[in-house]
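Please find below a note prepared for a colleague who works with the coordinates directly.

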Amino acid sequence: MKPNQTLSALQCGRYRLPVADASHRPLVMGILNVTPDSFSDGGRHASLELAITHAENMIAEGVDLIDIGGESTRPGAPAVSVEEELRRVMPVIFALRDCGRPLSVDTRRLAVMRAAIDAGVDMINDIDAFRCEGALSLLSDSDSALCIMHMQGEPQSMQQAPHYEDVVAEVSAFLAERIDAALKAGIARQRLCIDPGFGFGKTLGHNLALLQHIGSMQTALNVPLLAGLSRKSMIGQLTGRPIEKRMAGSLAAALLAAQQGAKIVRVHDVAETVDAMKVWHASTQTNRKNENP
Ligand code: 7PM
């Protein structure tokens, strides 16, 4: 493929997802957190049941991919051991493997990536951009897609003093370097997507600058872009609302990301986001012949 040829599909394990075709709405990735918050009563069996019910609800609501995460990356959150992360995510992967939607796993650990790939997941979503030793070579031996995300610093401390001379240029350069590393490891470009990492070592100003430049970053890097803005603190900063009241702000952000050209939006509120994407997408498909004079 020529370097600047537009990509039409993301090769995602068992699936080929439409991403560049203007006749398709942006894909909605639903967040499935398997963290201690969901172990409040009844222990592991109950939490597995809850996770499966949540996934089934998202499927009924029209989700396009399910992102399973077992490690909290919240600033200052306690570290989770590899064993604990595996105990959280693997039963959910096995239970959902044949749910009819591609599964993504949100992890930074090689051991979790390996177990997830062996279990047949379709995408690895790594907030560390596959910088851990062995990650790219593991992925090159699989057919799983990669979501390459930018983060400045480490989750524990990244929000203390984020600093950039030019956030868009620096995030783009980082993503370009990681795309190159993946290509050099023998991973096809069709298996890659990129993510500017909203809230990961960024101030509100940085996040807004990135949101405005989604289109240019995607064009320059020639890889579909995933945007994760759902319920993030930037929505809280803009609306003054606590996390459980950020849905309307998150929908506005998802729409803006879509309008700027994002191909995948990563969200908590699947039904509402799918509706918003349908409305936005219809507005881009106007057939001029049907307009009134
Ligand atoms: C607490 C704070 C829990 C923040 C979870 C989070 C992204 C991601 C996350 C993202 C990609 C959240 C984050 N965010 N992966 N994983 N992009 N690719 O808000 O923006 O879900 S964790």
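The numbered points below begin with the basis of the values and then turn to the ligand and the protein.

1. The model is predicted, so local features need pLDDT of at least 70 and side-chain atom pairs count only at pLDDT 80 or more, whereas totals for chains, interfaces and linings use all residues. Residues are numbered from 1 along each chain as its sequence is written, and side-chain values use heavy atoms, with hydrogens and water left out.

2. Around the ligand there are 13 residues, of which Asp-106, Asn-125, Asp-195, Lys-232 and Arg-266 come nearest; a residue is near a molecule if one of its heavy atoms lies within 4 Å of it. By class, this shell holds 5 nonpolar, 3 polar and 5 charged residues. Here Ala, Val, Leu, Ile, Met, Phe, Trp, Tyr, Cys and Pro count as nonpolar, Asp, Glu, Lys and Arg as charged, and the others, Gly among them, as polar. Strands S7 (145-149) and S9 (226-228) each supply at least two residues of the shell; strands (E, at least two residues) and helices (H or I, at least four) are DSSP runs numbered from the N terminus.

3. A polar backbone atom of Gly-228 is 3.5 Å from a ligand oxygen. Taken alone, the ligand exposes 480 Å², and the protein buries 86% of that; the areas come from the Shrake-Rupley method with a 1.4 Å probe.

4. Asp-106 is found in strand S5 (residues 103-106). Its relative accessible area is 13%, and it is therefore buried; buried means under 20%, exposed over 50% and partly exposed in between (1.4 Å probe, protein chains only). The side chains of Asp-106 and Arg-266 are joined by a polar contact of 3.3 Å. Such a contact is a pair of N or O atoms within 3.5 Å; within protein, one must be able to donate a hydrogen and the other to accept it, and residues adjacent in sequence count only if both atoms are side-chain atoms. Beyond its neighbours within four places in sequence, Asp-106 is in contact (heavy atoms within 4.5 Å) with residues including Asp-67, Glu-85 and Asn-125.

5. The whole structure contains 15 salt bridges, each a side-chain nitrogen of Lys or Arg within 4 Å of a carboxyl oxygen of Asp or Glu. One of them pairs Asp-64 with Arg-25, the closest N and O atoms being 3.1 Å apart. Asp-64 lies in the loop between helix H1 (43-60) and strand S4 (65-69), and Arg-25 in the loop between strand S2 (15-18) and strand S3 (27-33), so the pair ties together parts 39 residues apart in sequence. Asp-64 is buried at 16% relative accessibility, and Arg-25 is buried at 16%.

6. Glu-177 and Arg-178 form a salt bridge with closest N and O atoms 3.7 Å apart. Salt bridges that share partners also join Arg-14, Arg-97, Asp-98 and Asp-122 into one network. Within that group, the closest N and O atoms of Arg-97 and Asp-98 are 3.8 Å apart.

7. Arg-231 is placed in the loop between S9 and helix H8 (233-239), and is partly exposed at 27%. Its side chain makes a polar contact of 3.0 Å with the side chain of Asp-269.
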